[in-house]
Amino acid sequence: MAMTFRTFVPSVMTLALSAAVPLAALAQGSATITVGDTPLIPRAALFGNPVKAGAQISPDGKWLSWMAPLNGVMNIWVAPASKPEAAKAVTSVTDRPIPGHSWSADSEQVLFVRDNAGDENYRLYGVHVASGKQQDYTPFDKVRVRMVGSSRTRQNELLVGINNRDPRWHDVHLLNLKTGELKLVMRGDGYAGFVADDALQLRMAVRPNAAGGVDYFAIKDGSVADKPLLSTSLEDSGTSPLGYTADGKTLYWMDSRDRDTTAVFAEDTSSGKRTLIAQDPRADLGGTLRHPVSGEVQAYAVNYLRNEWQFLDKRLKADFDWLQQQLGQGEVIVSGRTRADDKWIVVLDGVSKPATTYLYDRKAKTLQTLYVARPELQGAPLVPMQTLEIRARDGLTLPSYLTLPPGADRDGDGRADQRVPLVLLVHGGPWARDRYGYNGDHQWLANRGYAVLAVNFRASTGFGKKFLNAGNKQWGLAMHNDLLDAVDWAVKQGVTSSDKVAIMGGSYGGYAALAGLTFTPTTFACAVDIVGPSNLETLLATIPPYWEAGRKQMYSRMGDPTTEEGRAILRAASPLYKADQIVRPLLIGQGANDPRVKQAESDQIVNAMKAKNIPVTYVLYPDEGHGFAKPSNNIGFNAVTEAFLGKCLGGRVEPMGETQRQSTAQVPHGAEHVQGLVEALKKP
């Protein structure tokens, strides 16, 4: 279940009248707040709109584009590459931010998707840069568009999947970007997806199988073969194609069969012969840099604790080495390349500095600063992120990340000098992972006085199939034990004390927060659940229809609700049925339009707690989905969480001010349990 999540929150005990001040030390021998006189970083600086973000360069190199606010909402801006200061907005949405954009292959349009109030029914739009004309290419209600293929040679066309005939399956259509015409290419009944080459010819169909894996079928002359050319089981479900070279003669794969971690292979499409390109025993491979014209793999990423690029192209390595030397410490990220490969969009992630984006001219060897995403954070007291490995009780190694608040690591050795309150920040997915890099949630929590621990528990992706499959049917069991083992590690290492740990997360992380208070009622001082499921049976019964292709795999990894055994597993892992065990404070945030974790998941557990007179605070956003996309809502929920965590753990708090009135927050229950919330919700 790919549950993405936007933003978290934390911190405080009392609301200050102006700037928050550090609180007195907690009980003797317990964790203490260490931030001292460190300036409080405003929530708006961390979670408001960036000045600019997501820069792209057109394939012909003539245009730059990025996301930037227009009347307070993130829109798309375009500028001549030779004159970035002449940027103009080419979209003018007013309700919720455009999530991102890309260029058409002919460099004439910027393409983007939008949904309605977080429902994830995305439509595809295009804006012609020269004329400013905007077109809705998929004008269908309650339909989700999916990209299938683009072409370097058929530059005015795309292959898109549209589920307007049957919401479960995406039929492949050929879209003409000039005329807007959609032509049906192949119906998607029963297929999870399709693989196309650069000529926009469908070459493979992907269908889930009874083993929880997938079958890959060759497509020839528009017909799908009767027998699969490759099949995987649940164990090797991470095996998948990465795409064809431009000439269609090579197909790249990430493949975990006969090995633990996925490796990159190149397959000769005429003979079927495979050549190993790259492998690493520590981490799954899959991220690649490919030549913008030929499509050949030039470099691959190894992301265990940190992302490391390994190069097959010596010239590309020389460029990266030069960029690293010029830009200094941080990860160099190439996010855009021209067709001539003479200009790149380069981002430097400095971890404890706001990201900076550059235009790199490879021939002239020059770097032009385009923007700092959040200039108000320059000079702010941002702190490092530490990488570490934690050993679970059964010996499994858990790659993890620790961020310490200012003053907790005075000698800079990455180890805590004294115990501080800790927030265990659990990632969503659960088939996803935490990563090293700048993280606004870590910086925010640390600035409020908390250590932040992010753990890649079993079932997280990227660390091999044994690690992934060790989480099968372990919701609330071994997956939860990994989190408990991480807390024990933090206590033994002197990072925190056992009575000052909160658990917080979104999506699966929200589930983990609920599990923390129900399965282990006294382990955590409090919990924050954001769009987390409380009942795994109702969760699986209400998944979006277009997840149908992944249903069997979800059942295999969680429990099959069509069998008595599976239902028992799901019930046992559902926090709802142990809601009467909750004895610690709980804050819940939910989007009313969430298509993945329906509002009913939060409603159920809130009602169960109300029936037992157990306190809970429930914040609902009528215009949000799976997480909070609008900055005003994000900041508003963060303000609530700061006050909630401050009372629980004793951290610092920025006053709520107008945050609640500026958001669309509704509090159906429990506003009185968060200090200052009732007053903040009142209309002036």
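Author: Strand E24 (307-311), H2, E25 and strand E29 (385-391) each supply at least two of its residues. Helices (H or I, at least four residues) and strands (E, at least two) are DSSP runs, numbered from the N terminus. This is a predicted model, where local features need pLDDT of at least 70, side-chain atom pairs count only at pLDDT 80 or more, and totals for chains, interfaces and linings use all residues. Residues are numbered from 1 along each chain as its sequence is written, and side-chain values use heavy atoms, leaving out hydrogens and water.

Reader: Which residues are the closest to the centre of the largest pocket?

Author: A pocket is an open set of points on a 1 Å grid over the protein atoms alone, where a 1.4 Å probe fits, with protein on both sides within 12 Å along at least five of seven lines. Lining residues have an atom within 4 Å of a point. Of its 23 lining residues, the closest to the centre are Arg306, Gln324, Gln329, Gly330 and Glu331.

Reader: What is the volume of the second largest pocket?

Author: Its lining has 19 residues, and nearest its centre lie Asp119, Asn121, Asp141, Lys142 and Val143. The space in this second largest pocket is about 380 Å³.

Reader: Which strands stand at the edges of the open sheet?

Author: The sheet has 4 strands in the order E25-E26-E27-E28, with antiparallel pairing. Two strands pair if DSSP finds at least two bridges between them. An edge strand has a single partner, so one side of it is left without a neighbour in the sheet. The edge strands are E25 (331-337) and E28 (366-372).

Reader: Which residue of E28 is the bridge partner of Leu359?

Author: Strand E27 (residues 356-361) and E28 run antiparallel. They are joined by 6 bridges. In E28, Leu359 has as its bridge partner Gln368.

Reader: Which helices do the buried residues of H8 pack against?

Author: Buried means under 20% relative accessible area, with a 1.4 Å probe and protein chains only. In helix H8 (residues 551-558), that holds for Met554, Tyr555, Ser556, Arg557 and Met558. Contact means heavy atoms within 4.5 Å. These buried residues pack against helix H4 (465-469), helix H7 (536-541) and helix H9 (564-572).

Notes
Buried means under 20% relative accessible area, exposed over 50%, partly exposed in between (1.4 Å probe, protein chains only). Grid points are joined across faces, edges and corners, and a volume is the space filled by probe spheres set on the points.
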